[in-house]
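Dear colleague,

I am passing on the structure below, together with some notes on what came out of it. Please read the notes with the structure open beside you.

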Amino acid sequence: MSPNTDAEPIAKGTIPTIKQSFRDLFRWRQRVAITNEYGEVATEWQTPEPLQNPVKLFMQLSAKDWLFFIVGLLAWTADAFDFHALSIQTVKLAKHYETTKTNVTTAITLTLLLRSVGAAFFGLAGDKFGRKWPMVINMIVLGLLQIATIYSATFQQFLAVRSLFGLFMGGVYGNAIAMALENCPVNARGLMSGILQQGYSLGYVFAACANLGVGGSTSSWKTVFWIAAGLSIAVGLLRIPFPESQQFLAAKAAGKPKVTPAAFFRETRHMLAKEWRMCVYCIVLMTWFNYYSHTSQDSYTTFLLTQKEFKNAAASRGSIIMKVGACVGGTIIGYLSQFIGRRRAMVGAALISGCLIPAWILPTAERSLSASAFFMQFFVQGAWGVIPIHLNELSPPAFRSSFPGITYQVGNMISSPSAQIVNAIAETHFLRRSNGDRVEAYGPTMGVATAIIAVGIAVTAALGPEKRGSR
């Protein structure tokens, strides 16, 4: 490995940062800022360290560490199952409530919009009361809200329940991360974090499996929601025997002051005033990424059922294979980003996914569509697999506890109508299939939107900063 050499300091200002970041994208060695114990900053070129054997990293976790990680992963997976139980059954729900698919996806918009509010509320609750009981309450209430969805007699009641669901959904991820990762060895956390991130895709796979199992009748959507309710309540009860978060107990023993709502908003204002450029950049990046995932996945089952005229079983199989690709890609590309660089991984994955769009929407056979969907989501979620560690590295040290969550949730709020936009356009534009059937244009809508988003991600990541290795 070649020795580290001095480099020009990290650029200051928007235009200089863009120019330097774009040039650095094409240099293998990483420009890294090193701060010593006296606060002095030196910048040097570093050669990426070789990837560690993942098996060796896995072996560093004890049986207790694995148990904590699995329960945290189950919580995040159950949360995703609850959410996707709706998105993969949009057609069934539209028939059940005798409304349009666009109206049904209003529930997805409300869920994602209020999820951000729930994340802030339960984050503060977790700091005051600990991680354990807020997570238990979260999971049990999510299960009960799935049951309430089943018994919603009118579409207005359905939307109201899904809005409440969004509030409680927002509280799961932070507590799941705390439980899954805080007991992991430090040098294994990057790999385990990437695996944990794929719990979202795994929840989609399980929801699609349930949809495959219950069949295509309109009333079968309720069975999937019953399964989701049982899973969430079971995870909530499973959390009870486990102890409180060690980080919370240590902070409580040290007399660390609790974060009040006033203090939270005061810190947020301070962060926005001091680090507004980085905040704006990360919010734009996260807006692109949230549109990326929801545009390419939430309406995919609907696309197979309507435009491709598949039966429920074939559409479910295609959705399962698609998200298996997401699980694999997110883990692999997130892990490789430690060696090839965060931005190169995101730019490469986004551009490849853009190139795959014709193969993703044009075939007519189940096998062809399933294979292209696997690789499409391999790269979509592969780019996503880099995000947790990239956001953490970009976070200003003084705001590392709040910066990733705030920027992610604001981006999530902005992109909340993504599925509704896709359905609104597709339901008002039509194609003529080779058999003469007039069908809704889900494929072109998803394809054009995803192409724009993929280019947006590639450009935003290529022109933005990277702090891999900084310390």
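What is the volume of the largest cavity? It comes to about 70 Å³, where a cavity is a set of points, on a 1 Å grid over the protein atoms alone, at which a 1.4 Å probe fits but cannot get out, and where the volume is the space filled by probe spheres set on the points, which are joined across faces, edges and corners.

Before going further, please note that this is a predicted model, in which local features need pLDDT of at least 70 and side-chain atom pairs count only at pLDDT 80 or more, while totals for chains, interfaces and linings use all residues. Residues are numbered from 1 along each chain as its sequence is written, and side-chain values use heavy atoms, with hydrogens and water left out.

The search of the whole structure finds one cavity of 30 Å³ or more. Two or more lining residues come from each of α3 and α9 (172-181); helices here are DSSP runs of H or I, at least four residues long, numbered from the N terminus.

A nonpolar core is a set of buried Ala, Val, Leu, Ile, Met, Phe, Trp, Tyr and Cys residues joined through side-chain atoms within 4.5 Å, and buried means under 20% relative accessible area, exposed over 50% and partly exposed in between (1.4 Å probe, protein chains only). Leaving aside neighbours within four places in sequence, phenylalanine 289 is in contact (heavy atoms within 4.5 Å) with Met346, Ala383, Trp384, Ile387 and Ile457.

Tyrosine 442, in helix α24 (residues 442-463), is buried, with a relative accessible area of 0%. Its side chain makes a polar contact of 2.6 Å with the side chain of asparagine 423, a polar contact being a pair of N or O atoms within 3.5 Å, of which, within protein, one must be able to donate a hydrogen and the other to accept it, and residues adjacent in sequence count only if both atoms are side-chain atoms.

Lastly, glutamate 98 has a positive phi, near 50 degrees, and is exposed at 74% relative accessibility.

With best wishes

Conventions:
1 Å grid on protein atoms, 1.4 Å probe; cavity = no way out; pocket = protein on both sides within 12 Å on 5 of 7 lines; lining within 4 Å.
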